[in-house]
Amino acid sequence: VRGGQLAVLADSSKSHTIFATNNQEIKPVLSALAAQAGITLPVGSPDPYFSAFISQIPPQIAGSLVQATIVPQALKSTDIDASAPNYIYPTILNPVPQNPNPTPLGAVVRIALYPSTRNGAWLNNVPLVGVDQAAYNGFIHHTATLVVPTQKYLWDRISTDTELTFLKAAVNRADSGVAPSASLQGYLSTFGPDFTVFAPVDSVFKIFLINALQAQGVPSVLAQGLVANFGSTLLSDPGSIPGLGSTLAAALSPTTVKGLLVYHVIGKRLYSNNFPTTEANFPTLLNSAPGMGSLPGLKISVGFTSPFPFATSVTVDDATPAPPAHVILNASPLLPDPIGTSDQTYLNGVLHKIDAVLSPM
């Protein structure tokens with residue numbers, strides 16, 4: 001009602017599906033929204049306090065929260081094939097008016113939802129606690145919490161996260177001499193693409209660089225010193241390193257670094273619950289490059305233990321004999337940006353931090 005969406009759901013001439021959050025499950029979200037506005041609203045407050053807070057939410061924001069949960073068609077859980085990672089369904093929320101980087105598509109773009117029935121019933125990475133409640137003009141599915149739309153891009157997280165400074169530097173190196181429209185940063189900052197990014201944290205990128213320096217004949221102690229002293233500059237501007245600049249610039253050329261980076265990206269949005277429990281191969285963006293189609297993709301599997309349904313492990317194995325990487329799972333389920341480490345949702349994809357740098361060979 002506050003967001004002006006009652007007429008949408010009451011229209012018997014059109015079919016809709018709403019992913020609705022029950023009162024108790026929506027209270028923590030409203031409490032967090034209140035805290036952002038400087039209002040103290042404990043989760044245990046009586047219902048009238050929450051109703052009063054909702055009445056003060058700007059209608060545009062309230063409308064967006066609801067529109068982001070509505071799909072303009074009748075959608076049963078049985079319509080989602082469990083053999084597929086997820087399905088893409090546009091909602092009725094148009095992000096362009098709030099989007100700082102609108103696309104020429106203008107009014108036709110929509111925020112999408114990603115329901116799945118692999119490993120249970122899910123909306124994005126949120127469990128569904130009830131499905132297929134039938135109505136005259138559609139269906140209601142009940143979510144364990146409210147799926148809140150975002151206005152951020154993958155690059156917003158990568159460029160500001162203090163644990164991803166080496167990844168940021170690597171993107172800058174890969175984009176050296178590349179037109180902005182064709183740059184990795186550009187794709188990571190644009191509405192339209194849909195990616196899964198496995199993001200190595202700084203601590204493992206340092207290990208990767210030490211090993212790369214040793215492969216160039218640099219003694220171990222010196223390699224460790226270079227990483228400690230020059231940090232991410234070794235990636236962003238290797239040619240500037242005294243004495244080793246030309247060697248490092250050749251070893252870490254923009255093309256080489258770009259190939260390494262796109263091996264960490266899948267061209268589809270995949271949450272941890274979308275992976276199979278039995279290891280399966282997932283092609284990366286590197287596999288779509290000319291002459292790279294025969295390269296192995298990433299072998300990924302998810303593990304679940306009690307209490308279900310949240311993942312307790314996600315293993316990502318590359319083409320090397322080295323031990324596989326692992327997604328650094330959220331300390332508690334559903335932690336969002338900027339503190340969450342897995343299943344981080346953005347306008348153009350999802351980000352998972354991992355504990356190793358992946359290599360295609």
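This is a predicted model: local features need pLDDT of at least 70, side-chain atom pairs count only at pLDDT 80 or more; totals for chains, interfaces and linings use all residues.
Local features need pLDDT of at least 70 and side-chain atom pairs count only at pLDDT 80 or more, while totals for chains, interfaces and linings use all residues. Residues are numbered from 1 along each chain as its sequence is written, and side-chain values use heavy atoms, with hydrogens and water left out.

Q: Why is R269 called buried?
A: R269 has a relative accessible area of 5%. Buried means under 20%, exposed over 50% and partly exposed in between, with a 1.4 Å probe and protein chains only; R269 is therefore buried.

Q: What makes the pair of side chains R269 and D194 a polar contact?
A: The side chains of R269 and D194 lie at 2.9 Å. A polar contact is a pair of N or O atoms within 3.5 Å; within protein, one must be able to donate a hydrogen and the other to accept it, and residues adjacent in sequence count only if both atoms are side-chain atoms. The R269 side chain also reaches the backbone oxygen of G349, at 3.3 Å.

Q: Why are strand 11 and strand 14 said to stand at the edges?
A: The open sheet has the order 11-12-13-14, with antiparallel pairing. Strand 11 and strand 14 each have a single partner strand, so one side of each is left without a neighbour in the sheet. Strands (E, at least two residues) are DSSP runs, numbered from the N terminus.

Q: What makes strand 5 and strand 6 a pair?
A: Two bridges join strand 5 to strand 6 in the antiparallel sense. P115 has L123 of strand 6 as its bridge partner.

How values were computed:
Two strands pair if DSSP finds at least two bridges between them. Helices (H or I, at least four residues) and strands (E, at least two) are DSSP runs, numbered from the N terminus.
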